[in-house]
Amino acid sequence: MRRGLRKFLPIVINRWFYLIFIMFRPDLAETYFILYRLTGDGKYREWAWELAQAFYRHCRTTSGGFSDLKTVNSVPTIKSDYQRANFLSATLKYLYLIFTDDTTSAPVLPLDKWVFNTRGHPLPVCGTSVYYSKDKCER
């Protein structure tokens with residue numbers, strides 16, 4: 001399904017090296033997660049689900065892992081023999097978090113108490129967590 005795959009990839013002519021790695025960057029999943037948490041608009045969950053389906057359909061390997069793509073110009077896709085660590089540590093984390101139940105009184109990793117570093121690791125906001133109380137904050 002070409003349309004589904006291309007929906008998530010920028011059209012870059014003669015930039016194959018950029019296209020190979022764009023699928024596993026966590027930026028798109030992170031954006032959907034943050035926008036959903038801030039707005040509550042269900043379209044971001046729908047888009048995240050489409051992204052997860054595109055990963056499964058086009059990047060899944062026979063061994064059960066996921067692979068970068070060598071090209072996005074054909075379906076079935078041509079896969080490389082490499083799975084990036086940030087795919088598991090960040091991309092899938094954001095996809096998981098966007099589908100957690102946020103209607104409870106204690107959502108998983110609320111954005112007013114946690115921030116994410118560039119690798120997708122949650123860090124407590126100073127003074128909002130038992131893990132990082134106000135007395136530990138530097139002024």
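User: How should I read relative accessibility, and what is the relative accessible area of R84?

Analyst: R84 has a relative accessible area of 24%, which makes R84 partly exposed. The scale calls a residue buried under 20% relative accessible area, exposed over 50% and partly exposed in between, using a 1.4 Å probe and protein chains only. This is a predicted model: local features need pLDDT of at least 70 and side-chain atom pairs count only at pLDDT 80 or more, while totals for chains, interfaces and linings use all residues. Side-chain values use heavy atoms, with hydrogens and water left out, and residues are numbered from 1 along each chain as its sequence is written.

User: How is a salt bridge assigned, and which side chain meets R84 in one?

Analyst: The rule asks for a side-chain nitrogen of Lys or Arg within 4 Å of a carboxyl oxygen of Asp or Glu. By this rule the count is one salt bridge. R84 pairs with D68, at 3.0 Å from N to O. R84 is in the loop between β2 (78–79) and α5, and D68 is in the loop between α4 and β1 (69–71), so the pair ties together parts 16 residues apart in sequence. D68 has 0% relative accessibility and counts as buried, whereas R84 is partly exposed.

User: How many helices and strands does the chain have?

Analyst: Elements are DSSP runs numbered from the N terminus: helices are H or I with at least four residues, strands E with at least two. The chain has five helices and four strands, in the order α-α-α-α-β-β-α-β-β. Of the 139 residues in the chain, 32% are buried. Contacts (heavy atoms within 4.5 Å) between residues 24 or more positions apart make up 50% of those with a separation of 6 or more.

User: How do I read a helix pair, and at what angle do α3 and α4 pack?

Analyst: Axes are lines fitted to C-alpha atoms, for helices over the stretch in contact, and angles between N-to-C directions run from 0 to 180 degrees. Helix α3 (residues 27–39) packs on helix α4 (residues 43–59) at about 160°, with axes 9 Å apart. The two helices are therefore roughly antiparallel, where the classes are under 35 degrees roughly parallel, over 145 roughly antiparallel, 65 to 115 roughly perpendicular and the rest oblique. From α3 the contact uses L28, A29, Y32, L35, Y36 and T39, and from α4 Y44, R45, W47, A48 and L51. These residues divide into nine nonpolar, one polar and one charged.

User: Where does W47 lie?

Analyst: W47 is in helix α4 and is partly exposed at 30% relative accessibility.

User: How do α4 and α5 cross?

Analyst: The axes of α4 and helix α5 (residues 85–98) come within 9 Å and cross at roughly 140°. That makes α4 oblique to α5. The contact joins Y44, R45, A48, L51, A52 and F55 of α4 to F87, T91, L95 and I98 of α5.

User: How should I read phi, and what is the phi of L109?

Analyst: Most residues other than glycine have a negative phi. L109 is not a glycine, yet its phi is positive, about 50°. L109 sits in the loop between α5 and β3 (114–116) and counts as buried at 19% relative accessibility.

Terms used: Nonpolar A, V, L, I, M, F, W, Y, C, P; charged D, E, K, R; others polar.
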